[in-house]
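Dear colleague,

Please find below the structure that I am handing over to you. The notes that follow it set out what was found.

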Amino acid sequence: MPTSNTVQLASVRVITEDLPRLVRFYQVLTGATPQYLTDDFVELVTPSATFAVSGPDRVAFITVDTPRGGANHSAIVEFLVDDTEAVYERLVTEFGDELDVVQPPTMMPWGNLSALIRDPDGALINLYTPVTPEGHRLQQNRTPSVLNTKAGRGSGTENSDAAAPSGS
């Protein structure tokens, strides 16, 4: 009998009233092809985890504090990207004035270039790229580890069990 329990984050699901709009947003953001498991449940599989989107009927069986679209005011979903500025510009080009920019690409004190936006339902999204040696060191202690970033560091295979602060 195993003596340890390995827990891995497999997916995050967002509930929305406007499935096509939110799926399109995350498809443009991640570059992943939406996989419709049902007409109201969609997965976008990324290299490190799955991002799922569903309609409220999918969780209607939860009768106390039922999840509902646009109600998230307590979490930031963070995406490690190869090039924060390029992904940010792609979103600006695709969505124009509809893109809710909280903070354009900004260098964080711990060495990440970070852009903070809101998805169409108002959830906070952080796009970040480690660009300094400190940023790379912090990311190497995480899963996913450093991508082949614009700064040219990281093989995408580094991994460690050590904890590190959040990505932004």
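Strands here are DSSP runs of E with at least two residues and helices are runs of H or I with at least four, numbered from the N terminus. Two strands pair if DSSP finds at least two bridges between them.

Please note that this is a predicted model, in which local features need pLDDT of at least 70 and side-chain atom pairs count only at pLDDT 80 or more, while totals for chains, interfaces and linings use all residues. Residues are numbered from 1 along each chain as its sequence is written, and side-chain values use heavy atoms, with hydrogens and water left out.

The sheet that contains β8

β7 and β8 run antiparallel and are joined by seven bridges. They form a hairpin with five residues between them, and G122 in the turn has a positive phi of about 100 degrees. On its other pairing, β7 (residues 112-118) meets β6 in the antiparallel sense over five bridges. There V101 stands opposite I117, and D100 stands opposite R118. The hairpin of β6 and β7 has four residues between the strands, and its G111 takes a positive phi near 100 degrees. Six of the seven residues of β7 are buried, where buried means under 20% relative accessible area, exposed over 50% and partly exposed in between, with a 1.4 Å probe and protein chains only.

These strands belong to an open sheet of four strands in the order β5-β8-β7-β6, with mixed pairing. Its edge strands are β5 and β6 (100-107), each of which pairs on one side only. Helix α2 (residues 84-95) lies across β6, β7 and β8 (124-130), at about 20 degrees to β7. Angles run from 0 to 180 degrees between N-to-C directions, and axes are lines fitted to C-alpha atoms, for helices over the stretch in contact.

The other sheet

A further open sheet of four strands has the order β1-β4-β3-β2, again with mixed pairing. Here the edge strands, pairing on one side only, are β1 (11-15) and β2 (35-38). β1 runs parallel to β4 (residues 50-54), with five bridges between them; S11 stands opposite T50. Helix α1 (residues 19-30) packs on this sheet and touches β1, β2, β3 (41-45) and β4, its direction making about 5 degrees with that of β3. Contact means heavy atoms within 4.5 Å.

Where the helices meet

α1 and α2 pack at an angle of about 145 degrees, with their axes 9 Å apart. R24, F25, V28 and L29 in α1 meet V87, R90, L91, E94 and F95 in α2. The residues of this contact divide into six nonpolar, no polar and three charged; Ala, Val, Leu, Ile, Met, Phe, Trp, Tyr, Cys and Pro count as nonpolar, Asp, Glu, Lys and Arg as charged, and the others, Gly among them, as polar.

Aromatic residues

A search of the whole structure finds five aromatic pairs. Rings of Phe, Tyr and Trp (its six-membered ring) pair if their centres lie within 6.5 Å; planes under 30 degrees apart count as stacked, over 60 as edge-to-face and the rest as tilted. The ring centres of F51 and F79 are 6.0 Å apart and the planes stand at 50 degrees, so this pair is tilted. F51 in β4 and F79 in β5 (residues 76-80) are 28 residues apart, and the pair thus links distant parts of the chain. Both F51 and F79 are buried. One aromatic cluster is formed by F25, Y26, F51, F79 and F95.

Yours sincerely
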